[in-house]
Amino acid sequence: MPPRISGPQGLKSMTLCLRPTPSTIPATPSLQPLIQKATLTQRERDKLRQMKIDPYRWQLAQNRRNANLQRRAELADQRVTSWGDPVQGIVTPFVESFDSGGQAAESQVKRDDDGNPLEQPHELPTSKHILNYQLSQAELEEAIEASYQLTKPVPGISGTAVLDPEMAKMTADPEAHMARHRKAVEALRRITTLENGSSRDRRHANTRRIVETFGRHNTDQTVRQKALAFGQEERFEKIRGGPDTGSSEVQIAILTAKIRALSKMLAGPKGNKDKHNKKNLRLLLHRRQKLLKYMERKERGSGRWEHMIETLGLSPATWKGEIVVR
């Protein structure tokens, strides 16, 4: 049988094209995107046309755009830095005194590992007249004086006429009565001091301090009122008959005290796991933000607004932009 010679099976497998193969053609850079849409908008068509017409001019425009975006990002970072912390704001002496309920005269200083102070303490506003159990210093002094007068030995009465043997002993010895009275006074002062109170007692004391500081029954006579608009008539408001607890600045200050206490607790060793109190902190922050926006719209430029911002140290971050708690 003769040998078979391999050859083309048909004319379809043969090519008569004399042009070089595509691999030998030098590659030219294409300015068109790799992925093209089926339909392009008129703006996208104009961009592609500009890229084809003048690539150098197109690249310069892209560089200007990137520089503009970078500058906008830098300005946004500077604005956020200047606005301050949306949770704490700017810590002022009045806000710092919330930790002790207005009883500490100096601030707590930070110390290093060896116990050396890293800063000098500064003075804090105090409210020594506010005591625990909703008492004041004047009420305590009045009660002490009344008890002293009731237990004071009456001269001219013998010991047999007194039914209480302890009273008879004090009648015979006035010095013993005075020593017992001083001991009772010291016990009352230890009981009513806020240094031995709980966090709830300090919160109640801070609320009383806030009402005294920001209540309109006091500030209406001291701070500058908002200027009248053109054609607006002056309004004469009635004098408030009691402590003001419902004004916006009072509510904002109370929320600030709660936010400071809650944020300090969350900053502890296990605060990052306390999701429930993180939610409560967000609610307090957004509630304060709403009140601050209302106050800015109604009282911006007045003495009430300036007094509140300076005393509480509220920065623009507390009412502008988005508040994020991590």
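**Burial around helix α4 in a predicted model**

In this predicted model, α6 (174-192) is part of what covers the buried residues of α4.

Q: Which residues of α4 are the buried ones?
A: They are Leu-140, Ile-144 and Tyr-148.

Q: What makes these buried residues line one face of the helix?
A: Looking down the axis of α4, you find its buried residues within an arc of 70°, so they line one face. On the face turned away from that buried side sit the exposed residues Ala-138, Glu-142 and Leu-150.

Q: How do you know that the end-to-end distance of α4 agrees with its number of residues?
A: With 15 residues at 1.5 Å a residue, α4 should span 21 Å, and its end C-alpha atoms are 21 Å apart, so the two agree.

Q: Why is His-181 called buried?
A: Its relative accessible area is 15%, and buried means under 20%, so His-181 counts as buried. His-181 lies in helix α6. Leaving out residues up to four places away in sequence, His-181 touches Ile-144, Ser-147 and Tyr-148.

Q: What is in contact with Ile-130, leaving aside neighbours within four places in sequence?
A: Its contacts are Gln-103, Leu-135, Leu-194, Ala-205, Arg-208, Arg-209 and Glu-212.

Q: How far apart are Ile-130 and Thr-192 in sequence and in space?
A: They are 62 residues apart in sequence, and their C-alpha atoms are 9.4 Å apart in space.

How values were computed:
Residues are numbered from 1 along each chain as its sequence is written. This is a predicted model: local features need pLDDT of at least 70, side-chain atom pairs count only at pLDDT 80 or more; totals for chains, interfaces and linings use all residues. Side-chain values use heavy atoms; hydrogens and water are left out. Contact means heavy atoms within 4.5 Å. Helices (H or I, at least four residues) and strands (E, at least two) are DSSP runs, numbered from the N terminus. The expected span of a helix is 1.5 Å times one less than its number of residues. Buried means under 20% relative accessible area, exposed over 50%, partly exposed in between (1.4 Å probe, protein chains only). The arc is that of the directions from the helix axis to the C-beta atoms.
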